[in-house]
Amino acid sequence: MLVSLKPLMEDAMKKGYAVGAFNCPNMESVMAIIQAAEETNSPVILNYAEVHGNLISMEDIAPVMLQFAKKASVPVCVHLDHGESIESCIKAIQLGFSSVMIDASGSDYEENIRITAEVVRLAHAVDVTVEAELGKLGGVEDDLKVDEKDSFLTDPNEAVEFVKATGVDSLAVAI
């Protein structure tokens, strides 16, 4: 069953378990993830990251992810991971994703707030959950590279302010 990220996180926090989030660059990965989730009776998050556009477009994989999520016997969130812009988050929402991540962590703090708050406003209007990012870890994730000199950890007080200012549902932090 297709659900947003919020009820998955709330149940996991209440009952003390983790929810796996897996990248889905093709139909076979979607099928395998759903099969494993159903066999273990575990909720799951199907991720599409924009950096996987060289493997498959969001428009091509979204119907597959959504079809399998809707048919699943366990809760499944279809999530845009590391959305690079407001426009890509809008596209994911229009395609039917139940959750989006806006990653404006490369912007300064105030611009990150502005961009994130706008995505939250748009997504919440249609009951879509929003994740954001604050801080930068050094290293490489997918095609994203952050030099150590450009990395910084998330300040807990700043994180509280950021969540209040944006209304974001979840926050990826650098720890």
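**Group meeting: surface, fold and cores of a predicted model**

The accessible surface of the protein chain is about 9000 Å², and carbon and sulfur atoms hold 54% of that. Bear in mind that this is a predicted model.

On to charge. The chain carries 12 positive and 29 negative charges, and their mean positions lie 5 Å apart.

Next, the fold. There are six helices and eight strands. Reading from the N terminus, the order is α-β-α-β-α-β-α-β-α-β-β-β-α-β. The radius of gyration is 16 Å, close to the 16 Å from the globule rule for 175 residues, so the chain is as compact as a globular protein of that length. Along the principal axes, the C-alpha trace spans about 40 × 35 × 30 Å. As for contacts with a separation of 6 or more, 66% of them join residues 24 or more positions apart.

Now the inside. Of the 175 residues, 44% are buried. In soluble globular proteins, nonpolar side chains tend to be buried together. Here the largest nonpolar core has 42 residues, and Val30, Leu46 and Val100 have the most contacts inside it. Which helix gives the most to this core? That is helix 3, residues 58-71, with eight residues.

Take Val30 as an example. Leaving out residues up to four places away in sequence, Val30 touches Cys24, Leu46, Ile61, Val64, Met65 and Phe68. Leu46 in that list is also one of the residues with the most contacts inside the core.

Apart from this core lies another one, of five residues, including Val3, Leu5, Ile45 and Cys77.

That is the overview.

Technical notes. Residues are numbered from 1 along each chain as its sequence is written. This is a predicted model: local features need pLDDT of at least 70, side-chain atom pairs count only at pLDDT 80 or more; totals for chains, interfaces and linings use all residues. Side-chain values use heavy atoms; hydrogens and water are left out. A nonpolar core is a set of buried Ala, Val, Leu, Ile, Met, Phe, Trp, Tyr and Cys residues joined through side-chain atoms within 4.5 Å. Buried means under 20% relative accessible area, exposed over 50%, partly exposed in between (1.4 Å probe, protein chains only). Helices (H or I, at least four residues) and strands (E, at least two) are DSSP runs, numbered from the N terminus. Contact means heavy atoms within 4.5 Å. The radius of gyration is taken over C-alpha atoms; the globule rule is 2.2 Å times the number of residues to the power 0.38. Accessible areas come from the Shrake-Rupley method with a 1.4 Å probe; for residues, only the protein chains shown count as cover. Lys and Arg count as positive and Asp and Glu as negative; His and the chain ends are not counted. The place of a charge is taken as NZ of Lys, CZ of Arg, CG of Asp or CD of Glu.
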